[in-house]
Amino acid sequence: MSQARLMEGTALARRIVEETAERAADLTGRTGKAPCLATVLVGEDPASVTYVRMKRNRCRTAGIESRHVELPATTTTEELVTALRALSADPTVHGILLQHPMGPHLDERAAFEAIAPEKDVDGVTFASFATMSFGLPGFVSCTPGGIMRLLDEYGVDPAGKRAVVVGRSAILGKPAGMLLLARDATVTYCHSRTADLSAAVREADIVVAAVGRPRLIRGQDIKPGAVVIDAGYNEGNVGDVDFDSAVERASLITPVPGGVGPMTIATLLEQTVQAAEAAARQG
Ligand SMILES: Nc1nc2c(c(=O)[nH]1)N[C@@H](CN(C=O)c1ccc(C(=O)N[C@@H](CCC(=O)O)C(=O)O)cc1)CN2
């Protein structure tokens, strides 16, 4: 079998950001107000600092204003909720991003739920999860949303396919499975208690690796011709898939870096402009 074709997230993300920039410029021209994303970072986790910086830089490129709220690692859940409620009530803010992960002392769910659904451009609230799961209009969780765009771009229709999602986190694995299900895939979730991960992955026409374990999924477990999406973010830009062996078996595969990561940020920007457009329509 020949090597898999690469699903180039960087190129698709660039196109989405360009289109988003045009929409942002149009809206700013019409209303005199640029779309605005509030980024909220608790503590100083180096990876999170980098991701938020990347998001803010990309906002600048796209003509989206970003307002940064930096809170100390000692912030309590109550203080974080208060800050998020203030941003939710601020009419000059169109979207809110709360960077994940947060300190273990924080109630992450309480914090996410303090984000107004109409500003949940990162797709992390229960309300967004529900609309996304039913395939209804609303904001999607950014990495899973980016994954679906990549599948569409490369002509992969999930309907009738067996999809195996490895990982069940609230912002990645779980919503990725729900989006695939909403597009009529037969979805299996695997996680730390799955008895035989290799056997499950071997059944998959589409594999989504989203567990945060470097090179966990190996080529020998990939069904020949499968589509492999590596959504793992591990130190040193290493994915959850052993690329060198998986590329020999898959038909399509996302690289790390340059696959799912850039799509996450492009989706965030696109949804921020969508939120600003909706706010403008409502006056
Ligand atoms: N609130 C959220 N928190 C987190 C999310 C999220 O979508 N919302 N996702 C991840 C991390 N993440 C964004 O926050 C993210 C990770 C990686 C990339 C990316 O573009 N990576 C590049 C490589 C970057 C580099 O060169 O250093 C790539 O894959 O090509 C973007 C966003 C966890 N937290």
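**View 1. The annotated catalytic domain, residues 7-122**. The UniProt record, an unreviewed entry, places the feature "domain: Tetrahydrofolate dehydrogenase/cyclohydrolase catalytic" at residues 7-122; UniProt positions are given in the numbering used here, feature names are shortened, and annotations may be inferred rather than shown by experiment. This is a predicted model, in which local features need pLDDT of at least 70, side-chain atom pairs count only at pLDDT 80 or more, and totals for chains, interfaces and linings use all residues. Residues are numbered from 1 along each chain as its sequence is written. Over residues 7-122 the chain is 50% helix and 16% strand, with its end C-alpha atoms 23 Å apart. Helices (H or I, at least four residues) and strands (E, at least two) are DSSP runs, numbered from the N terminus.

**View 2. The shell around the ligand**. The ligand is surrounded by 19 residues, of which Tyr51, His100, Cys142, Pro257 and Gly261 are the closest; a residue is near a molecule if its C-beta atom, placed from the backbone, lies within 6 Å of it. Two or more residues of the shell come from each of helix H2 (46-61), strand S4 (95-98), helix H6 (142-153) and helix H10 (260-281). H10 gives the most, with 4 residues. By type, the shell holds 11 nonpolar, 7 polar and 1 charged (Ala, Val, Leu, Ile, Met, Phe, Trp, Tyr, Cys and Pro count as nonpolar, Asp, Glu, Lys and Arg as charged, and the others, Gly among them, as polar). Domain 1 (32-117) and domain 2 (141-260) each supply at least three residues to the shell; these bounds come from an automatic or database domain assignment.

**View 3. Two cis peptide bonds, at Pro101 and Pro257**. Most peptide bonds are trans. The bond joining His100 and Pro101 is cis, with omega about 5 degrees, and Pro101 sits in the loop between S4 and helix H4 (108-113). From Val256 to Pro257 the peptide bond is also cis, with omega near 0 degrees. Pro257 belongs to the loop between strand S9 (252-253) and H10.

**View 4. Positive phi at Asp184 and Asn237**. Most residues other than glycine have a negative phi. Asp184 has a positive phi, near 70 degrees, and lies in the loop between helix H7 (173-182) and strand S6 (186-190). Asp184 is partly exposed, with 13 other C-beta atoms within 10 Å. Asn237, not a glycine either, has a positive phi of about 55 degrees. Asn237 is placed in the loop between strand S8 (227-230) and helix H9 (243-246), and counts as exposed with 11 C-beta neighbours inside 10 Å. A residue is buried if 20 or more other C-beta atoms lie within 10 Å of its own, exposed if 12 or fewer, and partly exposed in between, with C-beta atoms placed from the backbone.
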